[in-house]
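Morning, everyone. Let me put the model up, and then we'll walk through it.

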Amino acid sequence: MHAPISPPVRAIVRRAVERAWERAIAAGTLPALSDAGEVPTIEVDRPAHPEHGDLATNLAMKLARPYRRSPLEIAQILAAELERDAEAEGAVAGPDAARDAVGDDAAAADAATVLLGSPVGSVDVAAPGFLNIRLAPAFVEAAADAARRAGEEFGRVAAPRPQHVNVEFVSANPTGPLHIGNARGAFVGDLLCRVLAAAGHRVTREYYFNDFGQQVWNLGASVAAIRLGTPIPEDGYRGDYVRELAAELPEALLAGAGEPGPERDRVVGEWASERIRAGIEASLAHLGVHFDVWKSEGSLYTDGSVERALERLRAAGVVYEADGAVWFRSTAYGDDKDRVIRKSSGDYTYFGSDIGYVAEKFGRGFDHLVYIWGVDHHGTVARVRNAAEAMGFARDDVEMILVAWVRFVRDGAEVSMSKRTGEFITLDELLAEVGVDAARWFFGSRAHTSAIDFDIELAKKQSNENPVYYVQYAHARICSILRKAADSGLTAADSLDGSLADDEVSRGLAILALRLPEVVEDAATVHETQGVTAYATELATAFHAFYRDRRVVDAADPATSAARLALV
RNA sequence: GCGCCCGUAGCUCAGUGGAUAGAGCAUCUGACUUCGGAUCAGACGGUCGGGGGUUCGAAUCCCUCCGGGCGCGCCA
């Protein structure tokens, strides 16, 4: 465990606004709201334009309706109270009736206020009722100092409700190497994991794969056929990687697998699929993606997870038999048709293992499950969540993130792929061309819901103008400055105290750098990562401008945070 | 036919009901003899697919239409 994490600046200011509101009520200048449903949540955001201050709140406009008074009038009252907060050193210490009701967040914000001083410098009221707040210079300096002391820990956030989250992604079956179509899911999943971890959650990265069944038998049959020079089955696998496997297949294993037939296909297939799985793990390592758990579908049957889940559904009375098959009454939860769990042949469907997997994951103690799926799986979302609900789990704790298609394009022409025919570009080949950082940035900076074009030639050609290099260059400059400073025997000041008050450029950079925890928090709550890359670009831009206008000096302040960002 | 996702600058894409809708690329004009010019300052560029509605306020929420993607198996 490390030291308590200071709340983001935004949260501290939000608490200051809340205190101002409470004081206004206590003083009788504003009435208390009797109807709890009318109490608005206090929002504090960065205004779109710098002349509107550092932070702004729309609370007065939110209160206009319940109070039946003009937003401007309310804003004036709140502004007066906020100004008083700025002047009163002991603003927080006084009796506070609402303290119990608002909980730990408020307590943490209050504690931070005691530590760092009041955040409010000055307040302006702007039509139609915004409260524009400028941060107190001493507060910014104190907060920046705290961020420097936090070092690598800066940017981490204490989640209000920490969860143990299971994120399952990639999960491509080991019948061939990862291809470029798998890239997006891999990056999206890993970035989400990083953001969740930074936001104070426990994260488990999980890869789910099918190591038995028809696909694997076919793979085995194909490998054996090539090795022995017999024709490849019609629905078999082709491609260079199959030939390589055939060449590497140990003679003893083939001999021990016996006569041609299902048993031999199974033995050879399992060997081949494990080889491929190991290759996939290596490819993902090149991406910087490492899984905590490799979960085989077969294990869900051998350990009884699937049967237990079925029993659970049976106990809930949502299972029936018809036409020799076992069905889940998915329509009872709004689905448009019921779903088969076990076929009349006695085999389970994919859906069968899906529900077993859900229960098995919760059985391992996870609070929240995230699945990163391609949009083509969206038809299965409802039934899995329905089954989870029927088994007694919270529907909202089973979350599917559907990643939209990527059209891979080379010089304007779409690149088509088929694993069966072996015509595809592998993930390794893609990365050899465009680089891991550029690819990670590309996928991280786009919403997972939007279908995107990835032009391989363009990605290479523009690599010098790519935002990722822009951000990395900022980092390089920072390192260079630090190096130069060390060479000349300069050391960073112990404190920024007083150094930011009258320098708008430095002050702006510090405030921007202090936003990192807010960015992380937002990304984690909405499960989107593109805000992080956007922020990194913005911070780099601010730094480059700073670099131009302000020679050296307190380089140490932005360095820690910017360096971290360049790595994200 | 039903369901889900998408439509924002020439291109690729941001924008969880807030103020004058942003960034990169592309195009054009400028800038250090000093910390890395992979940089900086500026210009150009928009019926937020169309039309209604909700409200103090809509790219964002609701309805509808147009256009594109995906899904609707006892497949995996």
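Which order do the strands of the open three-stranded sheet have? The order is E14-E13-E15, and the pairing is mixed. Before the details, some ground rules. This is a predicted model: local features need pLDDT of at least 70, side-chain atom pairs need pLDDT 80 or more, and totals for chains, interfaces and linings use all residues. Residues count from 1 along each chain as its sequence is written, chains are lettered from A and ligands numbered from 1 in the order written, and side-chain values use heavy atoms, leaving out hydrogens and water.

First, the overall picture. Chain A has 22 helices and 15 strands. Those are DSSP runs, numbered from the N terminus: helices are H or I with at least four residues, strands are E with at least two. Chain A has 568 residues, and 49% of them count as buried. Buried means under 20% relative accessible area, exposed means over 50%, and partly exposed is in between, with a 1.4 Å probe and protein chains only. Now contacts, meaning heavy atoms within 4.5 Å. Among those in chain A with a separation of 6 or more, 72% join residues 24 or more positions apart.

Back to the sheet. Strands pair here if DSSP finds at least two bridges between them. E14 (413–414) and E15 are the edge strands, each pairing on one side only. Strand E13 (residues 406–410) pairs with E14 in the antiparallel sense, over two bridges. E13 and E15 run parallel, over four bridges. Look at Val409. Its bridge partner in E14 is Glu414. Its bridge partner in E15 is Asp455. Arg410 stands opposite Ala413 in E14.

On to the rings. A pair of aromatic rings is described by the distance of the centres and the angle of the planes. The rule: rings of Phe, Tyr and Trp (its six-membered ring) pair if their centres lie within 6.5 Å; planes under 30 degrees apart are stacked, over 60 edge-to-face, the rest tilted. That gives 20 aromatic pairs. Why is Phe328 with Tyr333 called stacked? Their centres are 6.1 Å apart and their planes sit at 20 degrees, so the pair is stacked. Phe328 is buried, at 0% relative accessible area. Tyr333 is partly exposed, at 26%.

Phe443 and Phe454 are stacked too, at 5.6 Å between centres and 20 degrees between planes. This pair links distant parts of the chain: Phe443 is in helix H16 (residues 436–444), Phe454 in strand E15 (residues 452–455), 11 residues apart. Both Phe443 and Phe454 are buried. There is also one aromatic cluster of Phe169, Tyr207, Phe209, Phe291 and Trp294.

Charges over rings next: NZ of Lys or CZ of Arg within 6 Å of the ring centre and within 35 degrees of the ring normal. Arg446 lies over the face of Phe442, 4.0 Å from the ring centre. Arg477 puts its charged end over the ring of Tyr547, 3.6 Å from the centre.

Last, the cores. A nonpolar core is a set of buried Ala, Val, Leu, Ile, Met, Phe, Trp, Tyr and Cys residues joined through side-chain atoms within 4.5 Å. The largest has 122 residues, and Leu284 and Phe454 touch the most other members. Helix H6 (residues 183–198) gives the largest share, nine residues. Domain 1 (9–135) and domain 2 (467–567), with bounds from an automatic or database assignment, both contribute, so this core lies between them.
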